[in-house]
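Here are a few friendly notes to read with the model open beside you. Take them one point at a time.

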Amino acid sequence: IIELIKGNTAINQYFAFNTTHVTNWTGHIILALFNLVAPAWIAQKVFLTFLVILFPFSFSLMVCRLNFDMRYLSFAIFPFSYSVFFFYGFYNFILAIIFFFLWMAVALKESPVYTRKEKFLIFILLLLIECSHVFVFLIACGIFFIYMISAAFRKNSTGSQSILKNIFLLLKKFFILISGALVLFLYYFFHNTGSLIEKQEVPTSWREIFFGVFNVSPALGLGEYAGHLVFTRIFFCLLIFISVIFFIRKKSSEHSTNSIFILLAALALLLSYCLSMIFLNHGLYIQERCLLMFFLLWLTWITLHKTPRILQILLVVYCVFISVLFISYYQKHLTLLSRRCYNIYDTGWKIEKNARDFCLNFSNHWMEHHVLDYLGADNSIVLYDNYECFQNHFPLKWKNKQLVRNIEYDFDNGLYSKIVSENVDYIAILGEPEQTGRSRMNQSLVLTKNHFYKIAVSEDNRLFIYKKK
């Protein structure tokens, strides 16, 4: 992004800004701004630190605004701070959730009567949510709509005409406040040519659907490690127990009058999770997104009720305990991966500036699928491994998608064609190719060794850089 803004002609030959409005801009802009004042590996660490801090902070602020008496329950958000989406690298989605919490803190008052400052904040926060992730924006719109409708019926009014008048006035306010974000969303919706969802060929079993919920799978950042399942299942049972207590006692705090639509939204997301698991492809992680938002809204609903002190203490202590346990586990397993990423970044400087690089990734680790992007973190190079540029919902796109596809096809078939010779200067190979047994990759290796020569090896001997002969 920065190189395009600077007018780098070599980069401009292959990349272009997506002229259609996309809903994944926010994280890219923030990272680009950080990268202006710091190296990429530092900029990313600062950015991730902000995410880890702002995620629980925004939830805590929302809880304090909606029900200050239950403020200590905001610690229950900690198990989700390092959710699976954090490790997937879905930073725009996490940013959207942060803005979503801040929006709820301002918008969901006991009565939808806002000051000018509050109206401005609601308008801006909805814009930020939409520009971060459309899925979270649609959830916010649904909650806001139900909140406005329910507020019309809560007013002390008599007669159907008075109720209709209240509905009309509140819906008018609703559309004014979401107007900016709504215009952007509609523009994105009608100009998006790609399909965002795909039908699943083989339906998921009900057992898998149940255990996804029971295991609180979004909180398991590095997958369903058997040693952690017992802790997340206890956490789920705690939430069930507290919810049952609410229904038995039928007592709520004075701040919980708006809780019904939060609960309805949570249940709607749970239903969406089940249906999407059955009918939709898992490619865009719609199922995991629905499940995470279900748990976050469920926690929000709990904080809107007066919880017995002993249950508050139990839930908070347990959430802090499992959070510390998970973090120690993540730190143990991510230290090696972090070092690998830095080795890739450091070795990437062996590639000349503005060169064109093709990547062969033999790593079997799910977190290293796109790790070779670190080659161009600070070094201005063309990486054909950039999958985002093939999509319609990211800021950058390939100027010539077919050219990139042709290069990939020729490499897959071991063809040193004119297209390859004219558009590939370097090849980066990650992992141990002799252990993969993939013939398609082996053809690419033969092409590499016949027409390129090795110029660099990473410190851990996992990355090999080849230059065209």
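This is a predicted model: local features need pLDDT of at least 70, side-chain atom pairs count only at pLDDT 80 or more; totals for chains, interfaces and linings use all residues.

How are α6 and α13 oriented to each other: roughly parallel or roughly perpendicular?

1. The axes of helix α6 (residues 91-107) and helix α13 (residues 286-303) cross at roughly 25° and come within 13 Å, so α6 and α13 are roughly parallel to each other. Angles under 35 degrees count as roughly parallel, over 145 as roughly antiparallel, 65 to 115 as roughly perpendicular and the rest as oblique.

2. Residues are numbered from 1 along each chain as its sequence is written, and side-chain values use heavy atoms, with hydrogens and water left out.

3. Now look at α6 beside helix α8 (residues 134-154): their axes lie 9 Å apart, at an angle of about 15°. α6 and α8 are therefore roughly parallel to each other too. The contact includes W103 of α6 and Y147 of α8, and its residues are 13 nonpolar, no polar and no charged.

4. Finally, find R462 in the loop between β6 (452-457) and β7 (463-468). R462 counts as buried because its relative accessibility is 15% (buried means under 20%, exposed over 50%, partly exposed in between, with a 1.4 Å probe and protein chains only). Residues that R462 touches include R340 and I429.

Note on methods:
Helices (H or I, at least four residues) and strands (E, at least two) are DSSP runs, numbered from the N terminus. Contact means heavy atoms within 4.5 Å. Axes are lines fitted to C-alpha atoms, for helices over the stretch in contact, and angles run from 0 to 180 degrees between N-to-C directions. Ala, Val, Leu, Ile, Met, Phe, Trp, Tyr, Cys and Pro count as nonpolar, Asp, Glu, Lys and Arg as charged, and the others, Gly among them, as polar. Lists of a residue's contacts leave out its neighbours within four places in sequence.
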